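This note was prepared in reply to a request for comments on the model. Kindly read it alongside the coordinates.

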Amino acid sequence: MKRLHMALLAALVSASPVLADEEAELVINGDLHIVTRAPAAPHLEGHLDEVISGWVFRSDETQALQMDDFDNPGMVFVDRAMEVWNTVDGSEGKSCASCHNDPAESMKGIRAVYPKWVESAKEVRGIPAQVNDCRENRMGAKPWKYEGNEMAEMEALITLQSRGMTVDVAIDGPAQSTWERGKEIYYTRYGQLELSCANCHENNFGNMIRADHLSQGQINGFPAYRLKNTKLNTVHDRFKGCVRDTRGVPFKPGGAEFTALELYVASRGNGLMIEGPSVRN
């Protein structure tokens with residue numbers, strides 16, 4: 001059965017046509033130069049020699065949308081999140097700004113190191129978990145859905161403050177066991193098609209699968225505005241969609257499995273730069 005499904009994947013995958021200039025340079029607003037190719041980190045030895053941003057695999061037109069904030073449709077949602085940042089919510093009469101002031105200062109560098117081990121919580125957390133912790137325990141407000149619009153927009157605002165900074169996710173110390181679990185999930189076959197993340201994003205990046213130009217599945221550009229569904233998408237929302245594509249049952253967004261997978265996939269992008277909010281197909 002496994003051979004049959006791999007044969008099906010091979011039939012769907014073909015050598016990629018020229019969709020975009022894969023040597024193009026991502027320069028945002030004419031002055032912010034983004035590293036889209038970098039040597040792979042030592043922990044990827046035997047898997048990848050070079051890590052490549054998903055931006056490289058997009059069409060010329062999609063690439064261009066991300067190069068100017070006036071054209072980037074994701075920036076509209078950043079503006080909406082800024083309004084929420086300054087809006088009081090919950091029983092404690094606080095807004096995000098009440099504790100964190102200007103996000104340009106307080107949130108700078110956050111996205112480049114998340115997910116990370118949070119000592120006070122004794123667990124690895126992504127940005128959404130930290131946002132909900134603040135909402136529930138400091139603001140007395142209701143938590144947001146991990147793949148919901150409010151969360152995607154707030155994460156985009158926080159991510160923007162790290163744009164142009166190098167991804168440097170820690171995988172040692174207390175985070176190591178979570179990272180190892182994420183790695184195991186990455187290479188495990190799921191669903192009726194019995195495909196793993198690696199089957200597409202490690203073994204076949206650069207090729208076509210039907211109409212999709214396969215990337216390495218890097219997440220340095222998330223949250224990402226997808227032209228396919230015309231909204232911002234969180235990392236866990238994208239993970240859920242990928243598992244569904246294998247005809248499998250997704251893990252719970254915000255749960256231990258997807259958090260571990262996010263840590264592992266984020267670490268595969270160490271050396272690239274934060275791009276979000278990005279534009280993808």
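1. Basis of the note. The model is predicted, so that local features need pLDDT of at least 70 and side-chain atom pairs count only at pLDDT 80 or more, while totals for chains, interfaces and linings use all residues. Residues are numbered from 1 along each chain as its sequence is written, and side-chain values use heavy atoms, with hydrogens and water left out.

2. Helix α12, geometry. Helices (H or I, at least four residues) and strands (E, at least two) are DSSP runs, numbered from the N terminus. Helix α12 covers residues 256-268, and its 13 residues should span 18 Å at 1.5 Å a residue; the expected span is 1.5 Å times one less than the number of residues. The end C-alpha atoms of α12 are 19 Å apart, which agrees.

3. Buried means under 20% relative accessible area, exposed over 50%, and partly exposed in between (1.4 Å probe, protein chains only). The buried residues include Phe258, Leu261, Glu262, Tyr264 and Arg268. Their packing partners are the strands β5 (50-52) and β7 (123-125) and the helices α9 (176-186), α10 (197-201) and α11 (235-245).

4. Leu263. This residue of helix α12 counts as buried because its relative accessibility is 0%. Apart from neighbours within four places in sequence, Leu263 is in contact with Pro115, Val124, Val169, Ala170, Ala175, Thr178 and Trp179; contact means heavy atoms within 4.5 Å. Leu263 and Ile171 are separated by 92 residues in sequence, yet their C-alpha atoms are 7.9 Å apart.

5. Cavities. On a 1 Å grid over the protein atoms alone, a cavity is a set of points where a 1.4 Å probe fits but cannot get out, and a pocket is an open set with protein on both sides within 12 Å along at least five of seven lines; lining residues have an atom within 4 Å of a point. Grid points are joined across faces, edges and corners, and a volume is the space filled by probe spheres set on the points. The whole structure holds 2 cavities of 30 Å³ or more. The largest cavity has a volume of about 60 Å³, and its lining consists of Arg111, Tyr114, Val167, Val169, Gln218, Ile219, Asn220, Val265, Ala266 and Gly269. The second largest cavity holds about 50 Å³ and is lined by Pro128, Tyr146, Glu155, Thr234, Val235, His236 and Glu262.

6. Ala, Val, Leu, Ile, Met, Phe, Trp, Tyr, Cys and Pro count as nonpolar, Asp, Glu, Lys and Arg as charged, and the others, Gly among them, as polar. The lining of the largest cavity has 6 nonpolar, 3 polar and 1 charged residues. For the second largest cavity, the classes are 3 nonpolar, 2 polar and 2 charged.

7. Second largest pocket. This pocket contains about 370 Å³ of space. It is lined by 19 residues, of which His100, Met107, Gln130, Val131 and Cys134 are the closest to its centre. Two or more lining residues come from each of α4 (96-100), α7 (127-137) and α8 (149-160), and α7 gives the largest share, 6 residues. By class, the lining has 13 nonpolar, 3 polar and 3 charged residues.

8. Arg135. Helix α7 also holds Arg135, which counts as buried because its relative accessibility is 7%. The side chain of Arg135 reaches the backbone oxygen of Lys142 at 2.7 Å. Beyond neighbours within four places in sequence, its contacts are Asp89, Gly140, Ala141, Lys142, Pro143 and Trp144.

9. Backbone. Most residues other than glycine have a negative phi, and most peptide bonds are trans. A cis peptide bond joins Phe222 and Pro223, with omega about 0°; Pro223 is in the loop between β9 (212-213) and β10 (224-226). Another cis bond joins Gly276 and Pro277, with omega about -5°, and Pro277 is in the loop between α12 and β12 (278-280). Phi is positive, near 60°, at Asn29, in the loop between β2 (26-28) and β3 (32-34). Lys122 likewise has a positive phi near 60° and lies in the loop between β6 (116-118) and β7. Asn29 is partly exposed at 39% relative accessible area, whereas Lys122 is exposed at 53%.

Notes
Polar contact = N/O pair within 3.5 Å; in protein donor to acceptor, adjacent residues only side chain to side chain.
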